[in-house]
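User: I'd like to learn how to read the features of a model like this one. Could you walk me through a few?

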Amino acid sequence: GQHLDVSLFNAALMLQEVQTIAVGPPAQPPAAGHAAALFLAGTLGERPDELADLVRFAHARKTLCIDMAGVRHIPYLFLPAFEAALRNLAALGKRIIVANLSEIHATLLESVDAHRHTVLMRRRPAGVEPAGSLAAAA
């Protein structure tokens with residue numbers, strides 16, 4: 001299993017800011033103005049330094065967006081370490097937005113209370129307009 005060591009957080013927070021870290025190819029190219037998003041793809045936890053990359057990415061940011069559009073799988077064994085990383089970053093005053101979550105991944109993160117300290121944004125199915133939009137009212 002992966003254990004999140006406090007000293008890892010302290011060491012990673014002292015590193016220089018990493019502007020954009022791509023973990024696998026993004027499911028879709030980043031939109032203009034979203035260059036500060038961390039794109040995750042594939043199976044989370046396959047890379048041993050994945051959480052350290054997340055902490056480095058968050059270092060000099062007050063708000064960080066984690067785009068999970070390309071994530072296929074979040075293993076149950078990785079879930080506690082991932083949630084702990086998000087919780088610890090939130091405790092440091094970071095605003096965390098996890099975007100483009102599939103319904104199953106959003107539910108999985110909610111099951112470990114990640115929604116208490118992280119904004120979870122589900123992926124909208126194709127053809128569905130956001131609530132309150134002019135297209136939906138027409």
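Analyst: Let's start with Phe 82, which sits in helix α3 (residues 79-91); helices (H or I, at least four residues) and strands (E, at least two) are DSSP runs, numbered from the N terminus. One caveat first: this is a predicted model, where local features need pLDDT of at least 70, side-chain atom pairs count only at pLDDT 80 or more, and totals for chains, interfaces and linings use all residues. Residues are numbered from 1 along each chain as its sequence is written, and side-chain values use heavy atoms, with hydrogens and water left out.

User: Is Phe 82 buried or exposed?

Analyst: Buried means under 20% relative accessible area, exposed over 50%, partly exposed in between (1.4 Å probe, protein chains only). Phe 82 has a relative accessible area of 3%, so it counts as buried.

User: Which residues is Phe 82 in contact with, leaving aside its neighbours within four places in sequence?

Analyst: Contact means heavy atoms within 4.5 Å. On that basis Phe 82 touches Leu 40, Leu 44, Leu 51, Leu 54, Met 68 and Leu 109. Take Leu 44: it is 38 residues from Phe 82 along the chain, with 8.8 Å between the C-alpha atoms.

User: How do I read an aromatic pair?

Analyst: A pair of aromatic rings is described by the distance of the centres and the angle of the planes. Rings of Phe, Tyr and Trp (its six-membered ring) pair if their centres lie within 6.5 Å; planes under 30 degrees apart count as stacked, over 60 as edge-to-face and the rest as tilted. Searching the whole structure turns up 1 aromatic pair. Phe 78 and Phe 82 form it, stacked at 5.8 Å centre to centre with 25° between the planes. Phe 78 is buried too, because its relative accessible area is 4%.

User: How many residues of helix α2 are buried?

Analyst: In α2 (residues 50-58), 9 of the 9 residues are buried, so the helix is largely enclosed by the rest of the structure. Charged residues are among them, including Glu 50, Asp 53 and Arg 56.

User: What do the side chains of Arg 56 and Asp 53 do?

Analyst: They meet in a salt bridge, 2.1 Å from N to O. The term means a side-chain nitrogen of Lys or Arg within 4 Å of a carboxyl oxygen of Asp or Glu. The two are 3 residues apart in helix α2, so about one helical turn separates them. Arg 56 is buried because its relative accessibility is 18%, and Asp 53 is buried at 7%.

User: How many salt bridges does the structure hold?

Analyst: There are 7. One of them joins Arg 87 to Glu 83, with the closest N and O atoms 2.4 Å apart. That pair lies in helix α3, 4 residues apart, about one turn of the helix. Arg 87 is partly exposed at 40% relative accessibility, whereas Glu 83 is buried at 8%.

User: Where is the nearest side chain of opposite charge to Asp 67?

Analyst: Lys and Arg count as positive and Asp and Glu as negative; His and the chain ends are not counted. For Asp 67, in strand β3 (residues 63-73), that side chain is Arg 123, 6.9 Å away, and this buried Asp has no salt bridge. Its side chain does make a polar contact with the side chain of Asn 100, at 3.1 Å. A polar contact is a pair of N or O atoms within 3.5 Å; within protein, one must be able to donate a hydrogen and the other to accept it, and residues adjacent in sequence count only if both atoms are side-chain atoms.
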